[in-house]
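Colleague: I have just opened this model and would like to learn how to read it. Could you take me through it feature by feature?

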Amino acid sequence: MKLIDKFVRGSVSLSGTDILKQVEASLPSKAEVTESRFEGASVAVFSKNLKFVMEAPEYLREVAKNMKLRVEARADKSLLVTPEEAQEKISRLIGEAGITDIFFDTHRSRVIVEVEKPSLVLGPRGTGYGKVNEIKEKTGWTPVIQRKPPLKSDIITTIRKILTKNSKDRADFLHKVGMRIYAEGKEPKWIRASFLGASREVGRSAVLVQTPESRVLLDCGINVAASGEDAFPVLDTPEFRIDRLDAVVLSHAHLDHCGFVPFLYKYGFEGPVYCSRPTLPLSTLLQLDALEVAQREGKTIPYSSKDIEAAVLHTIATPEEEVTNITPDVRLTLYNAGHMLGSNIVHLHVGEGFYNLVYTGDFKYGPSRLHDPAHNQFLRVEGVIMESTYGGRDNLQVSRADAEDQLLDAVKEVAGKGGKMLIPVLGAGRAQEVMLIIEAAVREGRLPEMPIYVDGIVWDATAIYTTYPEFLHKSIRRAVFSHEANPLLNPIFRRVGGQKEREEMMAKDESCIIMATSGMLTGGPSVFYFSHMATNPNNAVAFVNYQAEGTLGRRVMRQPKDIILSTRNSARAVMPLNAKIYSVQGFSGHSDHKQIMAYLNNMTPRPNNVMVVHGEASKALELATKIRTTMRIHAKAPLLLEAIRLK
Ligand SMILES: [Zn+2]
């Protein structure tokens, strides 16, 4: 039996260097390979023969099948025309697609071309490789075609610049990741999970999964409602060593799941972060915003924008429903979680069938306008770590239709009184869901037309939403790909960019809807609007998401007569609360009690161990009890710092 066959059958492990040698050996001599390198879990071979690069997919398909490895051939740098010449040729070849930006990733022989109409280059289903091949043939560069964000997104442009400006560092990093993934590993004789945050609380999600060989951190968030050390995951435990951490996997971009990632880089982490394509720009946006809000309000976050940049440079965007090796004994697959753009159910396959763990992050197993319901059909699963934000027995959400009616009635009432309505939202998720509801109501004549102001970061996040329509609900996908009508692009939405505009809006006698962060009134423009709107009985505040204990949002929701606002410099102001307060629950991006139980009951195959996290103590405990008693499977709500041996 050839060595490579033994490797594939798992009876012998090859090191990274062996694998690269095997790949080269399996190519014909005309391949004239000058170098082969890992790019994360896949391999790039660089060839001096452009004709071979053009024909390579034929050979590489076979290699990929035999070695279970993605391999791509690119031109050696000696074959590349200059960037200026390439730019000119690319413009001539695909100018009709509307080129808006070109970046050269010189160390990987790739050129990233941003176009208005990618389908003109890639074909309607991404199959028309003709133009792509022509670019390769005429310039040597391998083109990566990307869609121009329909709304300008500085974040997406900045990320692209960071990645291409640091082309060599990025290439070296990806190679190092590959060498680690394919290092010879110890056998997975055990697996355990340590709960470093989000135990019987909502916030600071972080679960460390360990095997004898690997250490993978699932999420690394902050608790925006807490202060001091309670705001961050507990990383000063014996089992967590930053220099031995292999990888971080992010379920989604909300700060309670990704807000502490830059801290890891500040303190020397050099490994990869895996997440979906939209999660990269969204998490970067929300981290930068958290930093800005903290600075403005005199709070501290223990990292800087330099550390956020380091996180970008180390992030590997991972396609959904594709198996990716992330350590010698852990394979990762991401599935839709239905919670926000790019949110994922994380599936880890350990060893050769040794153990399968599902981590839900935040998930929605129910209808929404933006996303399809969370995925729960797997080949194998034994353990599940699941959220319980609305896991309590009496956490039953009203139906979507009722919730939409409630919100629209509230808007009509405010409009009738000529007042303003504030909807505090997280930058991404519920905000875009509510935008779609209002957009549909205005379009169908169920709501009068009125300005809908979308403040700062909510707008920036919406721009990212419109860049990745393939991650949205099938009805939106259909609309976008058939006639390019994304409802999020409706001109009824108006961007608010700065403080001056906010003050003008408040001074104007105009009925309007305002969507602004933060969602729990813990800082940001929503607090500014609230402080200007609270005393006027014609105004209203509509809460559409979870309000954590200890936040201004939670206090306002109780509708006291007076409300105390702490302003900058810790001064306090007392003001009467006259604005009408609504709390509309049905739009949650989280599953309610019934949906959580349905998600588990319908999960294939049936797991044998459920660990309940990300919920207030009473809810997490109630849910665990319910799972134990009705499904008769092992379930518990682990304490902070508890470690559980899964097998
Ligand atoms: Zn979330």
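Modeller: Let us begin with a general idea: two strands count as paired if DSSP finds at least two bridges between them. Please keep in mind that this is a predicted model.

Colleague: In what order do the strands of the open sheet of seven strands follow one another?

Modeller: The order is S13-S14-S15-S16-S17-S26-S27, and the pairing is mixed. Strand S13 (324–327) and strand S27 (634–636) are at the edges with a single partner strand each, so one side of each has no neighbour in the sheet. On average, neighbouring strands of this sheet are turned by 20° against each other, direction ignored.

Colleague: How many bridges join S13 to strand S14?

Modeller: There are three, and S13 runs antiparallel to S14, which covers residues 330–336; Asn 325, for instance, has Arg 331 in S14 as its bridge partner.

Colleague: Which residues are the protein donors of the zinc ion?

Modeller: They are His 252 (NE2), His 254 (ND1), His 339 (NE2) and Asp 362 (OD), at 2.2 to 2.3 Å from the ion. His 254 belongs to the loop between strand S10 (247–249) and helix H9 (255–258), and Asp 362 to the loop between strand S16 (355–359) and strand S17 (383–387), so this pair ties together parts 108 residues apart in sequence.

Colleague: Why is the site of the zinc ion called irregular?

Modeller: Four donors count as tetrahedral if all angles lie between 85 and 135 degrees, whereas the angles among the four donor atoms here are 88 to 171°.

Colleague: Is His 254 buried or exposed?

Modeller: His 254 is buried, at 7% relative accessibility, and Asp 362 is buried as well, at 2%.

Note on methods:
Residues numbered from 1 in each chain as written. Predicted model: local features only at pLDDT ≥ 70, side-chain atom pairs only at ≥ 80, totals over all residues. Heavy atoms only, no water. Helix = DSSP H or I, 4+ residues; strand = E, 2+ residues; numbered from the N terminus. Axes fitted to C-alpha atoms, helices over the stretch in contact; angles between N-to-C directions. Donors = N, O, S within 2.8 Å, 3.2 Å for Na, K, Ca; no water. Tetrahedral: all angles 85-135°; square planar, octahedral: opposite > 155°, others 65-115°. Buried < 20%, exposed > 50% of the residue type's maximum accessible area, 1.4 Å probe, protein only.
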